[in-house]
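I opened a new notebook page for this structure.

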Amino acid sequence: MSGDLESRLEAIVRATPNLMHVLTTVRALDPPDWLIFSGAVYQPVLNHLTGRPADYGIKDYDLGYFDASDISYEAEDVVIRKVAAAFEPPFREMVEVRNQAQVHLWFEQRFGEAYAPLTSSAEALNRFTSTVFAVGVRLEPDASLAIEAPFGLEDLFAMRLRPNPVRRGAGFQRTAEAAQRRWPELVVEGP
């Protein structure tokens, strides 16, 4: 992954007050193996590149964590409630928490596609429908920013929306159309 693109991503993340508020709050809670990912990260980049307000298009902040020690819905609900209690509205309703260790339990029923168990939150990024969506960040205790982007950041900064090369899911076309409605500047490649 290009250090220059990582530096650019970090500068954009740090210049997005609402995202930094979420990162700072979650860092204090420190759920196991956590990341803020998907739209909460790539949308501020697209907004920066197209001159839109930093929070344009952001409906939620996806917080993935990984705890295989208890994959019950009850255990996940404890984390969901703990995170919600740490935020005031509107963030309380906007931070969506999911234990990535249990996604395989419900994914196929919800999306009609098999989903093998994960081994970490970062591994979930390998299964996102597009390379652009597959980016996550975590604010570390020393205030450094950990960046996870298994397909790199080139597509994101080139505004090139491509399907995930290792997971061809049926959802790409639908998500690509939705993204292109918000950012018509995106170039969609693939099916």
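**Aromatic rings**

I started with F107. Its relative accessibility is 10%, so F107 counts as buried, given that the cut-off for buried is under 20%. I kept in mind that this is a predicted model.

Next I asked how many aromatic pairs the structure holds. The structure has nine of them. I picked out Y61 and F91. Their ring centres are 6.0 Å apart, with 45 degrees between the planes, and the pair is tilted. I then checked where the two residues sit. Y61 is in strand β2 (residues 61-65) and F91 is in helix α5 (residues 91-94).

I went on to W106 and F107. Which residues do ring pairs link into a cluster with W106 and F107? F111 and Y115 join them in the cluster. At Y115 I also looked for a charge. R127 lies over the face of the Y115 ring, at 4.5 Å from the ring centre.

**Helix α3**

I turned to α3, which covers residues 39-50. The helix has 12 residues. From first C-alpha to last, α3 reaches 15 Å, close to the 16 Å expected at 1.5 Å a residue. Is α3 mostly covered or mostly open? The helix is mostly covered, with 10 of its 12 residues buried. I listed some of the buried ones, including G39, V41, Y42, P44, L46 and T50. After the helix comes G51, and its phi is positive, near 75 degrees.

**Backbone angles in loops**

I looked for a cis peptide bond. The bond from P89 to P90 is cis, with omega near 5 degrees. I located P90 in the loop between α4 (73-86) and α5.

D30 has a positive phi of about 50 degrees, although D30 is not a glycine. D30 is placed in the loop between α2 (17-29) and β1 (35-37). D33 is found in the loop between α2 and β1 too. Phi of D33 is positive, near 45 degrees.

Definitions and conventions: Residues numbered from 1 in each chain as written. Predicted model: local features only at pLDDT ≥ 70, side-chain atom pairs only at ≥ 80, totals over all residues. Heavy atoms only, no water. Helix = DSSP H or I, 4+ residues; strand = E, 2+ residues; numbered from the N terminus. Expected span 1.5 Å × (residues − 1). Buried < 20%, exposed > 50% of the residue type's maximum accessible area, 1.4 Å probe, protein only. Phe/Tyr/Trp six-rings, centres within 6.5 Å; stacked < 30°, edge-to-face > 60°. Lys NZ or Arg CZ within 6 Å of the ring centre and 35° of its normal.
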